[in-house]
Amino acid sequence: MYKIVAKRELNPTVTMMDIYAPLVAAKAEAGQFIILRVDSDGERIPLTVAGYDRERGTVRIIFQIVGGTTMRLNAKNTGEYLSDFVGPLGCATRTENIKKVCIVGGGVGCAIALPVAQKFKRIGCEVHSIIGFRNKDLLILEDEFKECSDKLTVMTDDGSYGRRGVVTEPLKEAIERGENYDEVIAIGPLIMMKFVVATTKPYNVPTTVSMNPIMIDGTGMCGGCRLTVGGKTKFACVDGPDFNGFEVDFDEAMARSDAYAEFEKGEREKCCNLFRGIK
Ligand SMILES: Cc1cc2nc3c(=O)[nH]c(=O)nc-3n(C[C@H](O)[C@H](O)[C@H](O)COP(=O)(O)OP(=O)(O)OC[C@H]3O[C@@H](n4cnc5c(N)ncnc54)[C@H](O)[C@@H]3O)c2cc1C
Ligand code: FES
């Protein structure tokens with residue numbers, strides 16, 4: 001059992017938790033993920049390692065409440081326990097030969113992008129961050145990004161905070177200004193990452209994307225997380241989650257990500273009814 005040692009609401013749909021899991025904390029690196037089960041009969045869901053404290057033995061997760069399992073997770077409080085917490089899984093984000101990086105985060109993807117930005121800062125890189133949200137109410141982690149970024153641009157779709165527009169606009173401007181990034185790293189909704197790649201590719205700026213397909217075992221055995229990258233089949237859980245954005249077949253990934261939409265809707269409704277019943 002894994003104890004929840006801290007819990008904080010970042011916005012009405014995004015929650016941060018620190019979990020006591022010393023063996024995971026000892027090895028976790030930015031870019032990796034864990035798989036948890038809230039209860040012993042619950043479904044397994046992957047969440048990115050959003051931070052870790054090796055001394056305290058804790059691992060931070062930041063999750064958006066989107067369906068049944070994340071609702072059940074959010075219903076847990078500090079001092080309560082999770083049934084399983086397995087990791088770290090996947091490959092850490094590659095940092096070799098990168099001196100200047102632009103991190104582009106969208107929505108809850110910023111939770112995944114933050115430890116990556118922090119790691120690049122820690123190893124002495126120049127870090128520019130562009131983070132985007134639908135509106136001001138959904139903004140998360142601005143102070144944390146400020147701390148680890150040499151330049152930070154905050155975008156909102158409706159202009160309610162920061163600059164109005166989408167993340168690809170300041171990215172294109174920066175590239176055209178001659179920022180000469182060694183790497184752009186995009187983490188967010190599939191459609192955002194697809195457009196980041198469409199922005200960087202004409203300028204040939206190497207671009208990494210973090211892919212979050214449906215995962216089941218997380219160890220390369222079930223094939224659930226397969227993607228086509230450079231014309232070859234790859235498993236996001238063991239070959240990724242980071243991939244060369246120029247090679248990812250985004251259209252196929254988007255079609256596969258909708259495969260369980262009807263089933264998930266049912267689970268969400270079941271869970272909402274459950275919580276209504278409790279109240
Ligand atoms: C490597 C990886 C890292 C992730 N990191 C984060 C993170 O740090 N924060 C965060 O909020 N979310 C993250 N996700 C997505 C998260 O796993 C899903 O939001 C979660 O599984 C939703 O479960 P649910 O039952 O609450 O919602 P559901 O209603 O079951 O699903 C809602 C949506 O979540 C996605 N999803 C559902 N089940 C899975 C699954 N087993 N594997 C992958 N995606 C699924 C689908 O896109 C689905 O449409 C990550 C996914 C992957 C693959
Ligand atoms: S989750 Fe099963 S192969 Fe990746």
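1. Which domains does the domain assignment of the chain give? The answer is domain 1, residues 2-89, and domain 2, residues 93-210. The model is a predicted one, and the points below should be read accordingly.

2. Domain placement. Between the C-alpha centres of domain 1 and domain 2 the distance is 24 Å. Eleven residues from domain 1 and eleven residues from domain 2 take part in the contact. On the domain 1 side, strand 1 (2-11) and strand 6 each supply at least two of the residues that touch domain 2. Sorted by class, that side of domain 1 has six nonpolar residues, five polar residues and no charged residues.

3. Nonpolar core. The largest nonpolar core has 73 residues, and within it Val59 and Val104 touch the most other members. Helix 3 (residues 109-122) gives the largest share of this core, with eight residues. Both domain 1 (2-89) and domain 2 (93-210) contribute residues to the core, so it lies between them.

4. Surroundings of Val59. If neighbours within four places in sequence are left aside, Val59 is in contact with Ile19, Ala21, Val24, Ala25, Ala28, Ile34, Val49 and Tyr52.

5. One open sheet has five strands in the order 5-6-2-1-7, and the pairing is antiparallel. Its edges are strand 5 (51-53) and strand 7 (81-82); each has a single partner strand, so one side of each has no neighbour in the sheet. Strand 2 (residues 14-20) pairs with strand 6 (residues 58-64) in the antiparallel sense, over seven bridges. For Tyr20, the bridge partner in strand 6 is Thr58.

6. Hairpin of strands 15 and 16. Strand 15 (residues 226-229) and strand 16 (residues 232-235) are an antiparallel pair with four bridges. Val229 has Lys232 as its bridge partner in strand 16. Two residues lie between the strands of this hairpin, and Gly230 in the turn has a positive phi of about 60°.

7. Helix 5. Which residues of helix 5 (residues 168-177) are buried? They are Thr168, Pro170 and Leu171. Viewed down the axis of helix 5, the buried residues fall within an arc of 165°, so they line one face of the helix. Glu173, Glu176 and Arg177, on the other side of helix 5, are exposed. The cover over the buried residues of helix 5 includes strand 9 (100-106), strand 10 (126-133), strand 11 (151-156), strand 13 (183-187) and helix 6. After helix 5 comes Gly178, with a positive phi near 90°.

8. Val205. This residue sits in the loop between helix 6 (190-200) and strand 14 (207-210). Is Val205 buried or exposed? Val205 is buried, because 22 other C-beta atoms lie within 10 Å, and the cut-off for a buried residue is 20 or more. Leaving aside neighbours within four places in sequence, the contacts of Val205 are Ile175, Tyr181, Val184 and Thr200. Val205 and Glu183 are 22 residues apart in sequence, while their C-alpha atoms are 6.4 Å apart in space.

Conventions
Residues are numbered from 1 along each chain as its sequence is written. Chains are lettered from A and ligands numbered from 1 in the order in which they are written. This is a predicted model: local features need pLDDT of at least 70, side-chain atom pairs count only at pLDDT 80 or more; totals for chains, interfaces and linings use all residues. A nonpolar core is a set of buried Ala, Val, Leu, Ile, Met, Phe, Trp, Tyr and Cys residues joined through C-beta atoms within 7 Å. A residue is buried if 20 or more other C-beta atoms lie within 10 Å of its own, exposed if 12 or fewer, and partly exposed in between; C-beta atoms are placed from the backbone. Domain bounds come from an automatic or database domain assignment. Two residues are in contact if their C-beta atoms, placed from the backbone, lie within 7 Å. Two strands pair if DSSP finds at least two bridges between them. Ala, Val, Leu, Ile, Met, Phe, Trp, Tyr, Cys and Pro count as nonpolar, Asp, Glu, Lys and Arg as charged, and the others, Gly among them, as polar. The arc is that of the directions from the helix axis to the C-beta atoms.
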